[in-house]
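Today I am going through the charged side-chain pairs. I want to see who pairs with whom, and how open each partner is.

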Amino acid sequence: MTDEGTGISSSPALSANGLGKRFGSRVAFDDVSFEIGYGEVFGFLGPNGAGKTTTVRTLGTLLTPTAGSATVAGLPLIPDNGVEIRRRISIMPESPGLYLRLTVLENLQCFADLYEVSAARDRIDQALQAVHLTERAHDTCGSLSKGLKQRVALARALLNDPQVLFLDEPTSGLDPVAAREVHELIDGLRQRGVTIFLTTHRLDEAERLCDRVAILNTTLRTVGRPDQLRDELFARTLNVRTVSPLSNPADVFLGVESVSGWREDGPSTYVLTVTDPALAAPGVTRALVKADADVLSISVSHHSLEDVYLELIDVPAGLS
Amino acid sequence: MSVNRRLVRAIVSKELREFRRNRTLAAGMAIIPLVFSVQPLISVFALTSSASGPLRHEHVLLYMLGIPALVPSLVASYSIVGEREQGTLEPLLTTPIRREELLLGKALATFLPAIAVAYGVFALFLVCVGVFAKPGVASALIRPSDLLAQVVFTPLLAGCSIWIAIVISTRFNDVRVAQQLSTVASLPAVALAVLVALNVIQPSLRTAILAAVILLVLNRIGWRVASLMFDRERLITGTKS
Ligand SMILES: Nc1ncnc2c1ncn2[C@@H]1O[C@H](COP(=O)(O)OP(=O)(O)OP(=O)(O)O)[C@@H](O)[C@H]1O
Ligand SMILES: [Mg+2]
């Protein structure tokens, strides 16, 4: 598979093939397949209970899949590879899980040892700097706010310089500035070739950070680049508003290059279906001027990833 | 299986740090030995010199073996279920540490303070007897064979008690249930020590060696059993997170 954004190596950093996990009769996720290249930031979106955390735990060797297969950091996901896989990856779980009686530094020291990090002190300092926590290194974790704890957990996940980094909702509970810092950190990691598997509820975050996103609701609904998903799902449209209704809109619009259809959307508001907005907009403007119409605005309508998301996850009736 | 010492050491030092700052656990570890040594001390002080004759055939000192049997279970039973309750088990299990190494680290982190407490209290007991008991009582009470038994059986009993408590800790979701069960589970060893001390069971060199060997084997099996009982998946997904 060659996709833009899939990275430097031909073998995937992470792949799943029909992967599934059930707890007794409850299916947490099912039939999940994807390939993620080295250095790619892969967004994993889905509503509460969609199976995101369970997928992360399964790929992170904490749970054994009940169906399918996967490779993680280049190794087949089998029990015998557990230790080696865990050496190559790290996971920032949903809740930070810090030792509250220990200081930030002591927490990180413990994990640096567990990852057998060489020059541990330097790496800890780097990790603390990356999350802007150097000043709080000697505070006990119990005394930190929720967002600060989250950042310690992120620093902990950076200690072993992972090939693949799983981030389970890394910015939930963070203030906007801290969230942006995490985004910048993720950008920096991507540039260093770290593969990032990011679950999030924040679609703006996914759109901004991710090379590709997958939308999960127990089964995978789609995988693709955010802009590609938008285009696939929504025809491109141009919104036209005039001061007074056009007497014969069909005549005005249908002759214009790249306009394939139109409909009225309220009085003196028209929605045109176009193949290329850059080509259609000037043509439509000229046609409107020629028809003596007083134009209020012409705009390309923008569908966000949120529109794609809501379209794909089958929002229960009444919510959409 | 070769054990990675750095990983085990990381767990031990983390545990000891946490333990030092966990007042409830530290207090629990201090109170039990005190309670345990008060009663025998009082009865020894009450002994008259003429009682020292029959004393030579009893093993009052071995009563103190109840301490290594009982003390560590409180802390060890907390080891896994405590991590679970704090939500720290998941990050721990995402590191390359093997369950055998994790459990060995947990066991050692309990073993070291428990042994220190048991030997310390025992030494204090000896000093008290030596200083305050009536003349003749101390020499009748403190005999080399009993001292040796105390020294040898303290770590063996502590080890067994720790492994039982750890097994319980990996299988129960509630800290208090785990602690209570572990205490109950260490009572047979305590009872045995008391029965020997009261001369109900008459120990010989052979039975002592046999008991030591059995305890040694139990310690080795305990590590294995605890590792087998340690089910990553159940611990992550069980009712408590
Ligand atoms: N240990 C478990 N036993 C039974 N069912 C479970 C267990 N863990 C998760 N599930 C179920 O699996 C499904 C997926 O859960 P998961 O935690 O992976 O969702 P999620 O996408 O991470 O949700 P959220 O956005 O709320 O974090 C849910 O229906 C959940 O109830
Ligand atoms: Mg989740």
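This is a predicted model: local features need pLDDT of at least 70, side-chain atom pairs count only at pLDDT 80 or more; totals for chains, interfaces and linings use all residues.

Arg99(B) joins Glu100(B) through a salt bridge, with 3.8 Å from N to O. Is Glu100(B) buried or exposed? I get 14% relative accessible area for Glu100(B), so I note it as buried; the cut-off for buried is under 20%.

I found salt bridges linking Lys14(B), Glu15(B), Glu18(B), Glu83(B) and Lys106(B).

Next I turned to chain A. Glu84(A) and Arg87(A) make a salt bridge, and their closest N and O atoms are 3.2 Å apart. Where do the two residues lie? I place both in helix α2 (residues 82-88) of chain A, 3 residues apart, which is about one turn of the helix. Glu84(A) is partly exposed at 31% relative accessibility. I log Arg87(A) as partly exposed too, at 36%.

Then I checked Asp161(A). Its side chain meets that of Arg123(A) in a salt bridge, 4.0 Å from N to O. This pair links distant parts of the chain, 38 residues apart. I find Asp161(A) in the loop between α5 (146-158) and β7 (164-168), and Arg123(A) in helix α4 (residues 120-130). Asp161(A) comes out partly exposed, with 41% relative accessibility.

Last, the tally. How many salt bridges are there over all chains? I count 26.

Key:
Residues are numbered from 1 along each chain as its sequence is written. Chains are lettered from A and ligands numbered from 1 in the order in which they are written. Side-chain values use heavy atoms; hydrogens and water are left out. Helices (H or I, at least four residues) and strands (E, at least two) are DSSP runs, numbered from the N terminus. Buried means under 20% relative accessible area, exposed over 50%, partly exposed in between (1.4 Å probe, protein chains only).
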